[in-house]
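Keep the viewer open as you read.

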Amino acid sequence: MACGVLTPRGQPAGHGGPVFPEAGVIHVPGCPLLARPVPAGFPSPATDYVETRLSLDKYLVEHEDATFFVRVQGNSMVGFGIHDGDLLVVDRSRDPGDRSVVIAVVDGQFMVKQACRVPEGVLLRSSGPGHGDILVGPEQELAVWGVVRWAIHPVS
Amino acid sequence: MPIALIDGNNFFVSCERVFNPKLEGRPVVVLSNNDGCAVARSNEVKALGVKMGTPWFQMQDLARQHGIIALSSNYALYADMSNRMMSVLSQYSPDQEIYSIDECFLGLDGFENYDLVIHAQAMRSQVRQWVGIPVCVGIAETKTLSKLANHCAKKSLAGADGVCDLTRLSETERSRLLATIEVGEVWGIGPRLSKQLADRGIHSVEALRRADPKTIRREFSVVVERTVLELNAIPCLSIENVAPAKQQIISSRSFGNYVYDLAPLKEAVATYIAIAAEKLRAQGSVAGMIQVYIRTNPHKEDCPQYSKGLTIPLPEPSGDTLYLTRAALWGLRRIYRPGFAYQKAGIVLMNLSDATNQQASLFCTHRENDRLMSVIDRVNAIWGRGTLRSAATGVSKSWVMKREKMSPQYTTHWDQLPIAI
């Protein structure tokens, strides 16, 4: 064999069927050589400092069991930076505070609104063109489904 | 040691209501596969007298009269909600046994200094707030009694606000309460056993509790004797943190439409084998025997009826989907008769044993697929069941079940999220 192609195991090609054309295979006339570069030199000094890569999931989701995703339809909350089609990260484990943005259930419908305490009860505020506020009096039951933690939308 | 049993109220209906508040206060049923029978009923439907398992076509009139809303089973949703509920409950004790999709036992050993009712109320309100599911909690000295306590909580027979702690009752109070409950409500006492017990004058839970365990063992079985002991607050069943390996795995389903030919039957059987074999490997077992069966619709008496099963012992136990499929299809070809409208097919994997302790045979050939199977399981775990499957399971799947009234998979598909305006 004057000229051989060596596979990683040192077997001449052409005897055991097709061989994967591996990068790093070296043609050397008459000279069996290692087919793969051997790592040498200092080991990476960073190996002791390897940490888990940042996870957006962990950043956005505080209580996994209580977190649900909800899609926004319409522009009733653009003033709060919440747009049509946004993905909302909703945490049911949090108690809504005054002025929290929440998912409220009004007539069996999910609404994303800002819940404000007022003397007459709770005011569900919108902030989009043509969207009025809804007053929930003390005699009506306000169902807050969850507190909106994040609104996610593409920028470019 | 006290044990709590936590159970989701009308679990499937409650899951649907979390995402569709319009269903609140209205009569709702969830139907089994192929929209056949009621598998979950809201309280409003129970009040109308609809029993568990009532076929949907039998409640049509009632449904029209009372506006019953019927939904197909959305198992992807229920499984996710169940996982959330179980995870929240696991914070309340290191000993948790998940008994079914909607109930779990919690061992409350070491909680002696806590007020258990307050502890249980905390579980209830946290599951309700975090996951949206209403639950009831029963507390007692044994698993059997805690199931009964849960029944009492649900029916408001004892306790308050969805929590019933039987350990708080005096002996007379307990005896008076159990005398009002039918023996059929006891865990493990099915309709047949209750009838046999009734024949011997045992009608109430209290009567069974007072029965002599040795006599019960002689006349019934050691299992019923254990139930009697458990009713007397003598623990015989412990909390199983790890589910015991199943003794057999069944996969069967009714078809969406009648199936006449062998080809779609083969696809169905191969699909059921793939599902069952995945479960088999997940619990680290191999199967020594397969049963395959097919049948027509027994409720359509005017149609020709045929029902046949075949049990196939395997030369060597296996967990290889391809090998098991070959065996099941070999059996199917032997029981198939043309000219019938088949409604259901199923397979059972039996004689299960531990995959790691196998006596190898001289002519063993099929274990060479072990690595292929582990790759298939890993791929399907990441990209979803059936991503990598044998071609025998078919492409068109004309036989798959009907789920026409299914709600969106709100928590597992990006394109099916709940909408807020």
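Predicted model: local features only at pLDDT ≥ 70, side-chain atom pairs only at ≥ 80, totals over all residues.

Strand β5 of chain A, residues 100–106, pairs with β6 of chain A, residues 109–118, in the antiparallel sense, and seven bridges connect them. To find your bearings, pick out Ser100(A), whose bridge partner in β6(A) is Ala115(A). The loop between β4 (87–91) and β5 of chain A holds Arg99(A). The phi of Arg99(A) is near 75°, a positive value in a residue other than glycine. That deserves a glance, because most residues other than glycine have a negative phi.

**Chain B as a whole**

Next, zoom out to chain B. Its secondary structure comes to 14 helices and 14 strands, and its C-alpha trace spans about 65 × 60 × 45 Å along the principal axes. How does the radius of gyration of chain B agree with that of a compact globule? For 421 residues, such a globule would have a value near 22 Å, and chain B has 24 Å, which agrees.

Among the contacts in chain B with a separation of 6 or more, 69% are between residues 24 or more positions apart. Of the 421 residues, 48% count as buried. Chain B exposes about 20700 Å², with carbon and sulfur atoms supplying 53% of that area. As for charge, chain B carries 48 positive and 41 negative side chains, and the centres of these two sets lie 6 Å apart.

Let's go to strand β1 of chain B, residues 3–8. Six of its six residues are buried, so β1(B) is largely enclosed by the rest of the structure. Ile3(B), Leu5(B) and Asp7(B) point one way from the strand, while Ala4(B), Ile6(B) and Gly8(B) point the other way, and all are buried.

Which strands does β1(B) pair with? One is β7 of chain B, residues 135–140, joined to β1(B) by six bridges and running antiparallel; here Gly8(B) has Val135(B) as its bridge partner. Another is β6 of chain B, residues 103–107, also antiparallel, with five bridges; there Asp7(B) stands opposite Glu103(B).

Helix α1 of chain B, residues 11–19, is mostly covered, with nine of its nine residues buried. The buried residues include Phe11(B), Phe12(B) and Phe19(B), along with Glu16(B) and Arg17(B).

**Two loop residues in chain B**

We finish with two loops. Ser204(B) sits between α8 (191–199) and α9 (205–210) of chain B. Is Ser204(B) buried or exposed? Its relative accessibility is 14%, so Ser204(B) counts as buried, the cut-off being under 20%. Not counting residues up to four places away in sequence, Ser204(B) touches Leu178(B), Ala179(B), Ile181(B) and Val183(B).

Ala233(B) lies in the loop between α11 (222–231) and β9 (249–259) of chain B. With a relative accessible area of 27%, Ala233(B) is partly exposed. The phi of Ala233(B) is near 65°, a positive value in a residue other than glycine.

Methods: Residues numbered from 1 in each chain as written. Chains lettered and ligands numbered in written order. Heavy atoms only, no water. Helix = DSSP H or I, 4+ residues; strand = E, 2+ residues; numbered from the N terminus. Rg over C-alpha atoms; globule rule 2.2 N^0.38 Å. Buried < 20%, exposed > 50% of the residue type's maximum accessible area, 1.4 Å probe, protein only. Contact = heavy atoms within 4.5 Å. Areas by Shrake-Rupley, 256 points an atom, 1.4 Å probe, with all protein chains shown as cover. Lys, Arg positive; Asp, Glu negative; His and termini not counted. Charge placed at Lys NZ, Arg CZ, Asp CG, Glu CD. Pairing = 2+ DSSP bridges.
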